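Subject: Structure for you to look at

Hello,

Here is the structure I promised to hand over. Please open it and read my notes alongside.

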Amino acid sequence: MHNFLLFYAPLLIVLLAIFTSFLVVGKSTKYEE
């Protein structure tokens, strides 16, 4: 379980960061159009 968390926690953080950046980019481009 510990190894599982150690392996997937960084992946989840990276995925969340990518997802939020996509949301921010999508919103900003929406307002520009």
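Tyrosine 8 is partly exposed, with a relative accessible area of 38%. That value lies between the two cut-offs, since buried means under 20% and exposed over 50%. Please keep in mind that this is a predicted model.

Tyrosine 8 sits in helix H1, which covers residues 2-32. The chain has one helix and zero strands.

Which residue pairs with tyrosine 8? The structure holds one aromatic pair. Its members are phenylalanine 7 and tyrosine 8. The ring centres are 5.1 Å apart, and the planes stand at 90°. The pair counts as edge-to-face because the angle is over 60 degrees.

Is phenylalanine 7 buried or exposed? Phenylalanine 7 counts as exposed, because its relative accessibility is 53% and the cut-off is over 50%.

Both residues also belong to a nonpolar surface patch of about 1,000 Å².

Now the chain as a whole. Of its 33 residues, 0% count as buried. The accessible surface comes to about 3,500 Å². Carbon and sulfur atoms account for 76% of that surface.

Best wishes

Key:
Residues are numbered from 1 along each chain as its sequence is written. This is a predicted model: local features need pLDDT of at least 70, side-chain atom pairs count only at pLDDT 80 or more; totals for chains, interfaces and linings use all residues. Side-chain values use heavy atoms; hydrogens and water are left out. Rings of Phe, Tyr and Trp (its six-membered ring) pair if their centres lie within 6.5 Å; planes under 30 degrees apart count as stacked, over 60 as edge-to-face and the rest as tilted. Buried means under 20% relative accessible area, exposed over 50%, partly exposed in between (1.4 Å probe, protein chains only). Patches are made of residues with over 30% relative accessible area and no salt bridge: like charges are joined within 9 Å, nonpolar side chains (Val, Leu, Ile, Met, Phe, Trp, Tyr) within 5 Å. Accessible areas come from the Shrake-Rupley method with a 1.4 Å probe; for residues, only the protein chains shown count as cover. A salt bridge is a side-chain nitrogen of Lys or Arg within 4 Å of a carboxyl oxygen of Asp or Glu. Helices (H or I, at least four residues) and strands (E, at least two) are DSSP runs, numbered from the N terminus.
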